[in-house]
Amino acid sequence: MASLLRLPGLIDPHVHLREPGATHKEDFDSGTAAALAGGFTTVLAMPNTNPPIADGPTLDLALRLARAKARCDVGVFLGATAANAAEAARLAGQACGLKLYCDLTYGPLRLDDLAALQAHAAAWPAGRPLAAHAEGRSLAAVLLLATLYRRPVHICHVSRADEIHLIRAAKERGVPVTCEVTPHHLFLTQDDIPRLGAGRAEVRPPLATAADREALWRNLEVIDCFATDHAPHTAAEKDGPKPPPGFPGLETALGLFLTAVAEGRLSVEAIVERMHAGPGRVFGLADQNETCIEVDPEARWEVRAMDLNSRCGWTPFEGKQLRGRVQRVTLRGRLAFADGEVLAPPGSGRVLAAETHNQVLEEV
Ligand SMILES: [Zn+2]
C-alpha cells in the first residue's frame, strides 16, 4: 500500500437525507454512514423532505432526528416558501442556511414569484448563508437580488456553460456570489443517458452537453465548492413509470476526483479547497478538532452499489474503475471509519444548529 495521504474532513454542503418522510430511500443514519465512507465529516441536509423543513415544528423534528441518528456532523437547511420569510428569519440561528428553490425540483418547495424572492432576500439575516437552486434566467434574477440587497448568495449545482460564465462575470464585478458544482456534472453528460437509462439518468439540473462539462472544468477557479447533491431514490423508483430526479453521490465523489488527480486533470490541493476550505468558508463552519481522513491515492477499486452504505441501492457510476480511496476517518479523535467499516455509532455526530445559533447571538 502506498503511503496514506492525510486530508481534513470533507464537507458536503448539499445532500438529501430524506428525513422526515422518505426513510425507505435514506435517513440520517444511512446517509451519514455513506458520508463517512466517502470521507465527509460534515454534511448539510436539504429541506425538501415530507413535510418540507419550512417551519419551526418540522425543523425541530429534523434536528431531533439528526441528533439521535447522525454518525457525522449535520446541518439542516430551512426551505423558503411564498409565506414563510418572517418565520424563516426567526429560525435562522437553528439552520445551516436558507434554501431558495427557483426552478423545478423534487418536492413542493418552489418559489414562483418575485415577491417571495424579494421578501426572503430582505428578511433572511445577511450573515447567514442563503443558497439558491437557480438555473438559466433564474440565476440572473438571484444575482441581481444579491447585488441590490448587498447580501451573499450561494448558487447550487451549476451545470451549464452560460451559468458558470455569468457567475464568473458577476464575481469579477464584485457581486457577493459563490457556487458549487456536482461530480455528476463534471463527469457525466447527456451522452451517458442511453447507457444509464432514461429513468436512472433523471437529475435536476439535467445532465448537460460535453461543451457544458468542459466549460465547468475550464472555469474551475470560479467554483468554490464541490457538492455531491446526494439525492437517493431507490432503484425501483428510478426504473418505475415516474422516475424521480436525483443521484446518490457521497461514496463516489472523492474517488472520482482522486482519479482525476491520477489522470493529471486536478490537484489534491484543488480538491481540499473545494471539499473542505471552500464549503467551510461559504457556510461559516467551525473547524472540527482532531479530525482528518486518510486516503490511499493508489488504491484501485470498482464502484458497486452493493458495497455502498446508502439505502438507495444503485449508483450512476456502477462498474466504474476508480483510483484513490478513503481508508480511515477520524472525527474528534475517534476512529469513525476504517477499512471499509463505519465505526461511528448513530447519534455520535453533532448537529450544527447550536453552534451556528451561538454565532448569531454573538453577532447581535
Ligand atoms: Zn439537491
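Guide: The account below begins at the metal site and then turns to the loops and the helix contacts.

This is a predicted model, in which local features need pLDDT of at least 70 and side-chain atom pairs count only at pLDDT 80 or more, whereas totals for chains, interfaces and linings use all residues. Residues are numbered from 1 along each chain as its sequence is written, and side-chain values use heavy atoms, with hydrogens and water left out.

The zinc ion is coordinated by His 14 through NE2, His 16 through NE2 and Asp 229 through OD, at 2.1 to 2.2 Å. Donors here are N, O and S atoms within 2.8 Å of the metal (3.2 Å for Na, K and Ca); water is not among the atoms, so sites may look incomplete. Along the chain, the donors follow the spacing H-x1-H-x212-D. His 14 belongs to strand 2 (residues 10-15), while Asp 229 lies in the loop between strand 9 (225-226) and helix 10 (235-238); the pair is 215 residues apart and links distant parts of the chain. Helices (H or I, at least four residues) and strands (E, at least two) are DSSP runs, numbered from the N terminus. His 14 counts as buried because its relative accessibility is 1%, and Asp 229 is buried with a relative accessible area of 5%. Buried means under 20% relative accessible area, exposed over 50%, and partly exposed in between, for a 1.4 Å probe and protein chains only.

The loops come next. Arg 18 is found between strand 2 and helix 1. Its phi is near 65°, a positive value in a residue other than glycine, and Arg 18 counts as buried at 5% relative accessibility. Asp 339, in the loop between strand 12 (334-338) and strand 13 (341-342), also has a positive phi, of about 50°, although it is not a glycine. Asp 339 is exposed, with a relative accessible area of 59%. Most residues other than glycine have a negative phi, and most peptide bonds are trans. The peptide bond from Asn 50 to Pro 51 is cis, with omega near 0°, and that from Arg 204 to Pro 205 is cis, with omega near -10°.

Gly 246 lies in the loop between helix 10 and helix 11 (253-262), and is buried at a relative accessible area of 4%. Leaving aside residues up to four places away in sequence, Gly 246 touches Glu 202, Val 203, Ala 231, His 233, Lys 238 and Trp 314. Contact means heavy atoms within 4.5 Å.

The last topic is a pair of packed helices. Helix 5 (residues 136-148) and helix 6 (residues 161-172) pack at an angle of about 15°, with their axes 10 Å apart. Axes are lines fitted to C-alpha atoms, for helices over the stretch in contact, and angles run from 0 to 180 degrees between N-to-C directions. Helix 5 and helix 6 are therefore roughly parallel to each other; angles under 35 degrees count as roughly parallel, over 145 as roughly antiparallel, 65 to 115 as roughly perpendicular and the rest as oblique. In this contact, Gly 136, Leu 139, Ala 140 and Leu 143 of helix 5 meet Glu 163, Leu 166, Ile 167 and Ala 170 of helix 6.
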